[in-house]
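Please open the model in a viewer and keep the selection panel at hand.

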Amino acid sequence: PDVQELLTDQHFLRLAHQRTFAAILHVFERNDAVDPLLLFDELRQRGQLDNEGQGELTSGYITEIFESTPTAANADYYAKIVLEKWSARQVITAATDMLRKGYDGGTPSAEMLEDAEAKVVSIIRAAQRSDRSLTMRDACLQWVQSLRHGRTRVFGSGISDLDFAIGGAGVGE
């Protein structure tokens, strides 16, 4: 649930990782344990599992992911790394686009500055949305969604020391 709040499949660079993450979320949302067999089956049903030697997203690739991940306890930390790399790619893409427009010389500088500002603000807002802080409305909507899926969710207060001490808060606590 923590990773699901931070990431979407679009945060991953490689298509194989995007498809794997989307499939993992789908398995998780069905309240199934995420294991290699269920993930293989999900990817096969989606028509996204490649044949060995004919693509990246193979059963061997999925097995390697499961075997090389030391523990799910660090999933939140890994998700933040993915998010940081995604954010860096967004900055690089925006900067490259700004350089291209600058060297092309066909765009007035005022328009280039407005475009640059809009892109930077967009990246900042996207990074802030991925922040773990929630409005009370969003927290309530997530709680209702988790009840529909049969999962109990705990929400953070936004004060990390307090959350660590009490483990977050749920409805009625």
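Begin by selecting helix H2 (residues 15-29) and helix H4 (residues 59-68), whose axes come within 12 Å and cross at roughly 70 degrees. Axes here are lines fitted to C-alpha atoms, for helices over the stretch in contact, with angles from 0 to 180 degrees between N-to-C directions; helices are DSSP runs (H or I, at least four residues) numbered from the N terminus. H2 and H4 are therefore roughly perpendicular to each other (65 to 115 degrees).

Next, display the side chains of Ala 16, His 17 and Thr 20 in H2, which meet Tyr 61, Ile 62 and Ile 65 in H4 (contact: heavy atoms within 4.5 Å). This contact of H2 with H4 comprises 4 nonpolar, 2 polar and no charged residues.

The model is predicted: local features need pLDDT of at least 70, side-chain atom pairs count only at pLDDT 80 or more, and totals for chains, interfaces and linings use all residues. Residues are numbered from 1 along each chain as its sequence is written, and side-chain values use heavy atoms, without hydrogens and water.

Now colour the chain by pLDDT (the predictor's confidence in each residue, from 0 to 100). The chain mean is 81, and 74% of residues reach 70 or more. Among its elements, H2 has the highest mean (92) and helix H8 (residues 160-166) the lowest (64).

Finally, select Leu 6, Leu 7, Phe 12, Phe 21, Leu 25, Ala 79, Val 82, Leu 83, Trp 86 and Ala 126, the 10 residues of the largest nonpolar core (buried residues joined through side-chain atoms within 4.5 Å), where buried means under 20% relative accessible area with a 1.4 Å probe. Helix H5 (75-104) gives the most to this core, with 4 residues.

How values were computed
Helices (H or I, at least four residues) and strands (E, at least two) are DSSP runs, numbered from the N terminus. Angles under 35 degrees count as roughly parallel, over 145 as roughly antiparallel, 65 to 115 as roughly perpendicular and the rest as oblique. Ala, Val, Leu, Ile, Met, Phe, Trp, Tyr, Cys and Pro count as nonpolar, Asp, Glu, Lys and Arg as charged, and the others, Gly among them, as polar. Buried means under 20% relative accessible area, exposed over 50%, partly exposed in between (1.4 Å probe, protein chains only).
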